[in-house]
Amino acid sequence: MNQSSTHAGATVALVGPGRAGTALAMALVAAGHEIVAVAGRAPDAPGVVAAASRFSAPAVPSAVAGRDASLVLLAAPDAAIRDAAAEVTPGLRPDALVLH
């Protein structure tokens, strides 16, 4: 894939801002992408608030995390992935790419 990919300069929602999710989001920012939302168990959870602050993005409920994102990084633990995906799916843009 070349640099002119349709997801170059993507808007990214981070769902699951733990160590792995935050590290991947940092790499995406370093590659020129923008974090536009951070979601987790609750918008006011300390980890969600810290990651949202780090990326200057709003902390939002999972159900709306993907509404402005072309790329959704679903970094929930494997045991929680089914529930996290079910929460995020209804609010996705039609053209969104979801990664886990």
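Modeller: S56 lies in the loop between α2 (46-54) and β3 (71-74), where helices (H or I, at least four residues) and strands (E, at least two) are DSSP runs numbered from the N terminus. The model is predicted, so local features need pLDDT of at least 70 and side-chain atom pairs count only at pLDDT 80 or more, while totals for chains, interfaces and linings use all residues. Residues are numbered from 1 along each chain as its sequence is written, and side-chain values use heavy atoms, with hydrogens and water left out.

Phi of S56 is near 50 degrees, a positive value in a residue other than glycine. Most residues other than glycine have a negative phi. S56 is exposed, with a relative accessible area of 68%; exposed means over 50%, buried under 20% and partly exposed in between (1.4 Å probe, protein chains only).

V60 is also placed in the loop between α2 and β3, but V60 is buried, at a relative accessible area of 10%. Leaving aside residues up to four places away in sequence, V60 touches A37, V38, A39, P43 and A65, contact meaning heavy atoms within 4.5 Å. Between V60 and A13 there are 9.8 Å in space, C-alpha to C-alpha, although the two are 47 residues apart in sequence.

As for the pocket, 21 residues line the largest one, and G16, G40, R41, A76 and P77 lie nearest its centre. A pocket is an open set of points on a 1 Å grid over the protein atoms alone, where a 1.4 Å probe fits, with protein on both sides within 12 Å along at least five of seven lines; lining residues have an atom within 4 Å of a point. At least two residues of this lining come from each of α1 (19-30), α2 and α3 (81-88).
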